[in-house]
Amino acid sequence: MLAYQHFRFNLYSVLLTGWLMFYAFSLPAQVPRHKSTDLKRDLEYLEDSLRANYPSLYRYHTRGQIDRKFSVLGRMGDSISALTFLADLRHLISSLKDGHMYVGLTPALKSYLKKEALYFPLRLYLESGRTLIAADRENQIGPGTELLRIDGIPVSQIRARLYGFISGDGSITTKKRLVLNNVFHFYYLMAYGARRSFTVTLKMADGDIKTRQIAAVPENLIPAAPVMEDKRKLLELTIGNDDVALLRIGSFDLNEFAQAGLDFPVFLDNVFHQLAEKNIQKLIIDLRGNGGGRDLYGAMLYRYLADRPFRYYQALYASTLNLPYREFAKGNSSFNDLQPAMLKPVNGGYRLDSTAHDNLKVQQPVARAYTGKVVFISDGLTFSTAAEFCAVAKAHKRGIFVGEETGGTAVGNTSGNSKEIILPVSQLTVSYGLIRYHVTDPQGSRRGVVPDYSIGLTLQDLLTQHDAPMEVAKRLINSRSK
């Protein structure tokens, strides 16, 4: 689900201490500074809003842990730059382990980052165990060269620190790793401050260790990230000569479908009608890069694969009756005209009854549901609704999973319609979901759906346009075992 549909330390000590040396270099005048006493108003406003409206404050923390985080005021200098405060705020939000939470920039910060800031100049590709150079605009460092250190700091340590600024569900790092492949430069700036140059330690192809000095550059001079050249469609079904069907579902987003002139329910019905008509018994469903969308579509897809009635959502919760009910109207959301009477008090919050959302009801398979063999492909950007669907399919052992751990946890997420607040002093925005979703794991696992066959795209795969996860999926779908 996207935020509109579904998409840790003490609060003050995390935000206000530990980062006082964030900027060793002066910032341009365009980046404002704020008095520390004023910024405490922002933090208090955020704390009050989360306690009143955010239903997952205690999802991964006990009440006592959260109380202690909010109880001790940190200390900071007389003033803090807006960019430093942005970094601190993102670090806090990341610690709440919710991939749907978002911190938005002010126009002044956007302008500075786009027009004035200087960044680490190399395009990197983070594999599970190595960090490689994907592109160098000066063509002085070959693709595939391993990066060992930046300014003497081991890159493994840098990666771990940068993960702390990226919002993500639970303890999942696959999504964060893929995010850094695109915006490493931005998070490195937040974590280590502005630099005019960098000293990099490299492991060359022949095994030699070399050190280079490289200059910082504006964002528009950072080389583009390598991508697979087959521009995958949002929705696509192909059936090969080997009678293997490949179903690509790149999104569940109603708005994306509308812009592309697509109707997901009609498409899905046509897909499974073709599979039945041609007696196709081998199906690969590719959900890589699917960031979610309309949650009803996840349950709809699984109804075509189910062999028995099933539960899709176990429960939905809110922390307040003070919800923007107009945004939960049936025409604007997946909810059934949510009303206060549909929320029942429980444990200091509210549980939505089964009339509030169709995914809370027992789901029935479609007539003549597909019964053949299925292989699912996922990656760290399989998130929200797509991650929910994977969790349900995995829980019911409907097929084999190939690829990488999903970016959304198997237990569910916190999204639904979102609330966005503007912090009064810094003017940064913070967005968070108003509904806590429970899918398959009521114990609150911090992990996503872990594939049966773990394999991601390497840099070499991208450079040679070799889809290794798809290759494994095709081998498995053609194996004798079901």
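## Threonine 37 and the basis of the model

Threonine 37 counts as exposed, at 52% relative accessibility (exposed means over 50% relative accessible area, buried under 20% and partly exposed in between, with a 1.4 Å probe and protein chains only). Its place is in helix α2, residues 36-53 (helices are DSSP runs of H or I of at least four residues, strands are runs of E of at least two, and both are numbered from the N terminus). Threonine 37 and aspartate 78 are 41 residues apart along the chain, and their C-alpha atoms are separated by 8.1 Å.

This is a predicted model, in which local features need pLDDT of at least 70 and side-chain atom pairs count only at pLDDT 80 or more, while totals for chains, interfaces and linings use all residues. Residues are numbered from 1 along each chain as its sequence is written, and side-chain values use heavy atoms, with hydrogens and water left out.

## Overall composition

The chain has 482 residues, of which 56% are buried. Its secondary structure comes to 13 helices and 22 strands.

## Nonpolar cores

The largest nonpolar core holds 118 residues, and Phe120, Phe272, Leu305 and Leu352 touch the most other members (a nonpolar core is a set of buried Ala, Val, Leu, Ile, Met, Phe, Trp, Tyr and Cys residues joined through side-chain atoms within 4.5 Å). Helix α7, residues 174-192, gives the most to this core, with nine residues. Another core, of eleven residues, lies apart from it; among its members are Val244, Ile400, Val402 and Ile477.

Leaving aside neighbours within four places in sequence, leucine 305 is in contact with Phe272, Leu283, Ile285, Tyr370, Val374, Phe376, Phe389 and Arg398 (contact means heavy atoms within 4.5 Å).

## The six-stranded sheet

Six strands form an open sheet with mixed pairing, in the order β10-β11-β12-β18-β19-β22 (two strands pair if DSSP finds at least two bridges between them). Strands β10 (235-239) and β22 (453-454) are the edges, each pairing on one side only. Strands of a sheet pair through backbone hydrogen bonds, either parallel or antiparallel.

Strands β10 and β11 run antiparallel and are joined by five bridges; glutamate 236 has arginine 248 in β11 as its bridge partner. Five bridges also join β11 to β12, but these two strands run parallel, and valine 244 is partnered by lysine 282 in β12. Strand β12 (residues 282-286) is in turn joined to β18 (residues 373-378) by five bridges, again in parallel. Here the bridge partner of leucine 283 is valine 374 in β18; both residues are among the contacts of leucine 305. Five of the six residues of β11 are buried, so this strand is largely enclosed by the rest of the structure. Helix α9 (residues 264-277) lies across β10, β11 (244-249) and β12 and runs at about 10° to β10 (axes are lines fitted to C-alpha atoms, for helices over the stretch in contact, and angles run from 0 to 180 degrees between N-to-C directions).

## Aromatic pairs

The whole structure contains 21 aromatic pairs (rings of Phe, Tyr and Trp, the last by its six-membered ring, pair if their centres lie within 6.5 Å; planes under 30 degrees apart count as stacked, over 60 as edge-to-face and the rest as tilted). Phenylalanine 186 and tyrosine 187 form an edge-to-face pair, 5.0 Å centre to centre with 75° between the planes. Phenylalanine 186 is buried at a relative accessible area of 12%, and tyrosine 187 is buried at 8%.

The rings of phenylalanine 252 and phenylalanine 264 are also edge-to-face, with centres 5.7 Å apart and planes at 80°. Phenylalanine 252 lies in the loop between β11 and α8 (254-259) and phenylalanine 264 in helix α9, so the pair ties together parts that are twelve residues apart in sequence. Phenylalanine 252 is buried at 0% and phenylalanine 264 at 1%. One aromatic cluster is formed by Phe120, Phe184, Tyr188, Tyr192 and Phe198.

## Positive phi values

Most residues other than glycine have a negative phi. Asparagine 139 has a positive phi near 55°; this residue is in the loop between β5 (131-135) and β6 (146-150) and is exposed, at 68% relative accessibility. Aspartate 243 takes a positive phi near 60° in the hairpin of β10 and β11, which has four residues between the strands. Aspartate 243 is partly exposed, with a relative accessible area of 44%.
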